[in-house]
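Here is a short briefing on one protein chain. Keep the sequence and the 3D view open while you read.

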Amino acid sequence: MKRTRIHREGRTLICGTAFLLFIINVPMYLYFPHWIFGITLSLTALLLIFVTYFFRNPVRVLEIDDPDFIIAPADGRVVVVEPTEENEYFHERKLQVSIFMSPFNVHANWYPIEGTILVSEHQKGHHKGAWLPKSSTENERSLVVIETPSKMQIAVRQVAGAMARRIVTYAKPGHQAHRNTHLGFIKLGSRVDMYLPLNTEMFVDVGEAVRGNETIIGRLQNDPTINTNEEV
């Protein structure tokens, strides 16, 4: 049976929300009719349940032998699988894979592959809808670049959305990225982009639902002459 915990990013907020709702409900109980107190108590209880639910942290352990498999870094739905120009780090054409997270998805982010972290940087920006194509380059975002043991590089970009106002990134340059380990956390609706070699063999298509640290997204090809995505 899989276990679910509360993510550390939400513990302070959940406690603060519970205290605030207690402060609201005490005078409602003392000075207002019981039916008004009942409505207030129900609404505030639902709010507390949602906040707690949002910060759930399921325990997921993936055992996989092939180091070239790329695992979904986040829960959500695939909204982009296409070649694109990546101009912030690689400055060349890469295969972009984007996963959109609704407020009801788990918002912890995992490392999609093992290797050495070369870059981890945060950039300020707008807070447009995370489903919009320009959100990848115009919204607040964090970029993490990982080099695999076979010297291939992939980039993971956490993108803030219209509701998400804070991106947390645990990755540090020079540290190791390990499977089954959190890369970071994004609060409320948002998206995660990956930039992969063009010849990456893909196992998902646009519209598919994926689960972080469970769904295999694709597989890196160490032979640069192999192009498995000519028609992507």
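The model is predicted. The largest nonpolar core has 31 residues. Helix 1 spans residues 11-31.

- Strand 7 (residues 115-123) joins strand 11 through 2 bridges, and the two run antiparallel.
- Within that pairing, Thr 116 has Gln 176 of strand 11 as its bridge partner.

**Pairings of strand 16**

- Strand 16 (residues 216-219) pairs with strand 3 (residues 69-71) over 3 bridges, in the antiparallel sense. Here Gly 218 of strand 16 stands opposite Ile 70.
- Strand 14 (residues 201-202) also pairs with strand 16, antiparallel and over 2 bridges. Here Arg 219 of strand 16 stands opposite Glu 201.

**Nonpolar cores**

- In the largest core, Leu 196, Met 202 and Ile 217 have the most contacts inside it.
- Six elements are listed as giving two or more residues to this core: strand 4 (76-86), strand 5 (92-101), strand 8 (141-147), strand 9 (153-160), strand 12 (182-186) and strand 13 (190-196). Strand 5 gives the most, with 4 residues.
- Which residues does Ile 217 touch, not counting those up to four places away in sequence? They are Ile 70, Ile 71, Ala 72, Val 97, Met 194, Glu 201, Met 202, Phe 203, Val 204 and Val 210.
- Another core, of 9 residues, lies apart from the largest one. Among its members are Phe 54, Val 106, Ala 108 and Val 168.
- In soluble globular proteins, nonpolar side chains tend to be buried together.

**Helix 1**

- Helix 1 has 21 residues. From first C-alpha to last it reaches 31 Å, close to the 30 Å expected at 1.5 Å a residue.
- Ile 14, Thr 17, Leu 21, Asn 25 and Met 28 are buried in this helix. Why do they lie on the same side of helix 1? They cover an arc of only 65° around the axis.
- An α-helix has 3.6 residues a turn, so residues three or four places apart point the same way.
- The face turned away from the buried side carries exposed residues: Thr 12, Cys 15, Phe 19, Phe 22, Leu 30 and Tyr 31.

How values were computed: Residues numbered from 1 in each chain as written. Predicted model: local features only at pLDDT ≥ 70, side-chain atom pairs only at ≥ 80, totals over all residues. Heavy atoms only, no water. Pairing = 2+ DSSP bridges. Core = buried A, V, L, I, M, F, W, Y, C linked by side-chain atoms within 4.5 Å. Buried < 20%, exposed > 50% of the residue type's maximum accessible area, 1.4 Å probe, protein only. Contact = heavy atoms within 4.5 Å. Expected span 1.5 Å × (residues − 1). Arc of directions from axis to C-beta.
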